[in-house]
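Me: Could you go through this structure with me? I'd like to start with the sheet and then talk about the domains.

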Amino acid sequence: MLDIRRLSLRYPNGKLALADFDITVGAGELVIVLGGNGSGKTTLMRCITRTLQPSEGSVCVNGTDLTRLTGERLRCARLELALISQHASLVRRRSVLANVASGALGRYGSWFTALGGLPAMELHLANGYLAEVGLGHLAHQRAGTLSGGQAQRVAIARALAQRPRVLLADEPVASLDPEAAEDIMKLLRRLAGEENLAILCVLHQIELAYAYADRVVGIRDGRMAFDLPRAEVSPDEVRHLYLSRAA
Amino acid sequence: MTATHLPPNEPHTRTADSWSHAFASAVRIVLVLIAILVVVQALFVVQVRPQDLVTGFHGMVDILRRSMPPDFSNLSTVLWPALETIDIAIFGTLAGLVLSMPLAIVAAANVTPSRLLYYASRGVIGLTRSVPDLVWALLFVTAVGLGPFPGGLALAVHSIGMMGRLFAETIEHMDMAPIDALSLTGARRMQIFTHGVLPSVLPSLLGISLYRLDENIRSSLVLGFVGAGGIGFQLLTAMNLFQYQQVSVLLIVTFVIVLTAERLSAIARERLA
């Protein structure tokens, strides 16, 4: 599903932000990336979504290498790849249902959607996705009135509306309380299995990684430190990720 | 005595401090003098003569006396120009809104499709804003003749500049996270605008438009002075014919229109906030 090979990014000032990163996430798999601040986790996500252009390497989603695409072809390829981030990034003045349905806009090229309309079929499906994340009863509420946990669930429903094969989650629970964070991780775990999604999730919470990941990937100074099934990850290896370079 | 207890570089530091303090004081005095000079030259240039207010007091009282009581017998003849005044403002605001929206989109640095279009639209917005609506009215009266239409056109063109700039700034200051999120779903540029940008900034845009309508109603009262229709034309005619009782009626109607528009606009903007 998601196959990353020798992915590297060197900034114009010469700093190597990501070096020879290899990772594969299969359908139905939840892979969690752990690493300290500035280790390159978000850079990795941005290179995968092509909001940053990697210097070398490939990012294949279902066999299509995103690093070689531009313009309309890149836009179409991105339909396979959904991203949820730390903040839900919803349009606060629109309804929850409209926010979810807008995840599918990329599939439509009609004037109706260009002028602000949402296809009836997408609204119907959006109701289903909202029910799936447990928020069916809030469909007609304004997105701006939701709590942080609810908003993040709506962001996940919007990602589902996109009908992707790969779901990227960049610190999706960073701004949530422990209970809401657990709920979101349970949801991601369930979606990986039920929707057969390949999920790559960046986290800071080690205990959540131990609880929900199929595999844990460690990243330090832009390089992969380990890629192991969660049962094989030792506390020492994880602790090493968070040691400062000076130490 | 004291100097022996100070570190060796202390006298130097104190000297430098006192010099910089003296320099700052001198700069402050010069700035105050410049400000006074600016005010004095303004008084000279506008030829301020307070004594004229005293000598002209009798004339002003005479005009007020001749304006009373207001002649309401001709009120029906004032209603049509009053409606014309409001409609000029409505037309000008709506036309300005429709024309300024696309300009504002390309004039907002965060959503503009190209730098060239950005500078071109900023240029158009700057030009339409910098020329006063009264001058636009004079130009349109010459082009399309007397009446309310040139007034409406003048307000529309001036509103393009005023609203275009405010719309562009509103779009520039919006939260870009939902827009980036929509962009990553593969949505097209136009879809991102209608589903992301527009719902986010709509209340602000409506607020700006209502405020502009309020401003345009006030402006359209004056446009009649140059033949661009509305109550202003009636006011000028009545003054030229020394019909001061008619003038006072027109001023009362003007006052009611302005105050009502201002109040309604404020209420509507409060509800949108």
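What follows is a short chat about a sheet and about domains in this predicted model.

Me: In what order do the strands of the open sheet in chain A come?
Reply: The open sheet of chain A has six strands, which come in the order 6-7-8-3-9-10, and their pairing is mixed.

Me: Why is one side of strand 6 and of strand 10 left without a neighbour in the sheet?
Reply: Strand 6 (81-84) and strand 10 (223-229) of chain A stand at the edges and have a single partner strand each, so one side of each has no neighbour in the sheet. On average, neighbouring strands of this sheet are turned by 20 degrees against each other, if direction is ignored.

Me: How many bridges join strand 9 to strand 10 in chain A, and do they run parallel or antiparallel?
Reply: Strand 9 (residues 215-220) of chain A is joined to strand 10 of chain A by six bridges, and the two run antiparallel. Within this pairing, G218(A) stands opposite F226(A) of strand 10.

Me: New topic: into which domains is chain A divided?
Reply: Chain A is divided into domain 1, which takes in 1-80 + 165-247, and domain 2, which covers 91-163. Taken over C-alpha atoms, the centres of these two domains of chain A are separated by 25 Å.

Terms used:
Residues are numbered from 1 along each chain as its sequence is written. Chains are lettered from A and ligands numbered from 1 in the order in which they are written. This is a predicted model: local features need pLDDT of at least 70, side-chain atom pairs count only at pLDDT 80 or more; totals for chains, interfaces and linings use all residues. Two strands pair if DSSP finds at least two bridges between them. Helices (H or I, at least four residues) and strands (E, at least two) are DSSP runs, numbered from the N terminus. Axes are lines fitted to C-alpha atoms, for helices over the stretch in contact, and angles run from 0 to 180 degrees between N-to-C directions. Domain bounds come from an automatic or database domain assignment.
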